[in-house]
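User: Please take a close look at the sheet in this model. I want its strands, the helices packed on it and the aromatic contacts that go with them.

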Amino acid sequence: MEIDFEHRTAAHCEDGVTANLLRFYGYDYSEPLIFGLSASLYFVHLPFIKLAGFPVTSFRPLPGVIFARVTRLLGFGIRKTIFLNKKNAVRKLDRLIEQGVPTGCVVGMYFLPYMPLEYRFHFNAHNICVVGKDDDDYLISDPIAMAKVKISSRDLLRARFSKGTYPPLGKLYWIKSLPSKEPDIENLVCKAILKNCRRMIHEPGPVPFVGVNGFQYLGDKIPKFPEKYGARKAALHLAQLIRMMEEIGTGGAGFRFLYAAFLQEASEITGIRELNDFSLRLTDIGDQWRIFASEAGRIYKNRSSEGVDYQTIGDHLKAIGKQEKIFFTDLEKLIRSK
């Protein structure tokens, strides 16, 4: 059985799955709008949570938050569930597919055989949508794949129950009911922008590794990597940071570019033309993230330019943080003035 489901690629997996699921039910929202409405542009460095042996650095909330926030904001009824029993997990997914319900699924990328080898690492927060089943194979809409792909039931089950940091526990999510009235997108966009500003500059409070505070915190830590870890582990820690920025979950610059596209679309929706200027400002900040990643990559490969070392990239990160603090402060003032 195959559900008549339109597959579209996306920059980020959870945005893509969310947008494709909403489109299936007749609500065609762009990926940048989905990301912006979820107020999910973020920064956090968690020294007490490890991935591949090093602290987690993230540029978005936990997996599932984007889908939950957007659907709640727009008025959709949803269901999501995890499983302790694998047979129950298989049974539930099969039942949903038989009912013609496209179903979001959180999986570990390492066990997805259609992924290129360079992307098959232990990352347990990848989102896909199951849209059919043919004998022992499932049909998958994965937003980072160019077309729908097939995966065996064995491989999908392994991916759904992969071990490690943030194990997915067979998590499924789907849309249960549609909004009772047409969403007021203009009003929701303004509220979402204010919420994102609050999360970045106000909600962290005194916590040092969350929101805009996190840039200073990590920027101070980076120059100490060689002394703390030794040359080899310091380089690996830097490589892990680059991977979190550039490969896992879209990353630092990627999310900045995505939110910049949202602000451009928000300008058309709300009529607040100044948002175009903020879109350009955030694009420039995204470019700084790209430069930071490039400098860090050269240090990891021992090919850094003269004068570029752990200290300079730590300072660069803190400079980016100052730019983002000013950006979100100004953006909040703009929206509150309207």
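Analyst: The answer starts with the sheet, then turns to its helices and the aromatic pairs.

This is a predicted model, so local features need pLDDT of at least 70, side-chain atom pairs count only at pLDDT 80 or more, and totals for chains, interfaces and linings use all residues. Residues are numbered from 1 along each chain as its sequence is written, and side-chain values use heavy atoms, with hydrogens and water left out.

Six strands make up an open, antiparallel sheet, in the order β3-β8-β4-β5-β6-β7. Strands here are DSSP runs of E, at least two residues long; helices are runs of H or I, at least four; both are numbered from the N terminus. Two strands pair if DSSP finds at least two bridges between them. At the edges sit β3 (77-81) and β7 (149-152), each pairing on one side only. On average, neighbouring strands are turned by 35° against each other, direction ignored. Axes are lines fitted to C-alpha atoms, for helices over the stretch in contact; angles run from 0 to 180 degrees between N-to-C directions.

β5 (residues 126-134) and β6 (residues 137-141) are joined by five bridges in the antiparallel sense. V130 has I140 in β6 as its bridge partner.

Now the helices. α5 (residues 153-160) packs on the sheet and touches β4 (103-107), β5, β6, β7 and β8. Contact means heavy atoms within 4.5 Å. The direction of α5 makes about 85° with that of β7. Helix α3 (residues 65-74) lies across β3 and β8 (172-177) and runs at about 155° to β3.

Next, the aromatic rings. Rings of Phe, Tyr and Trp (its six-membered ring) pair if their centres lie within 6.5 Å; planes under 30 degrees apart count as stacked, over 60 as edge-to-face and the rest as tilted. The count comes to 21 aromatic pairs. One of them is F67 with Y173: the centres are 4.6 Å apart and the planes at 45°, so this pair is tilted. F67 belongs to helix α3 and Y173 to strand β8, and the pair links parts of the chain 106 residues apart.

How exposed or buried are the two partners? F67 counts as buried, at 2% relative accessibility. Y173 is also buried, with a relative accessible area of 2%. Buried means under 20% relative accessible area, exposed over 50%, and partly exposed in between (1.4 Å probe, protein chains only).
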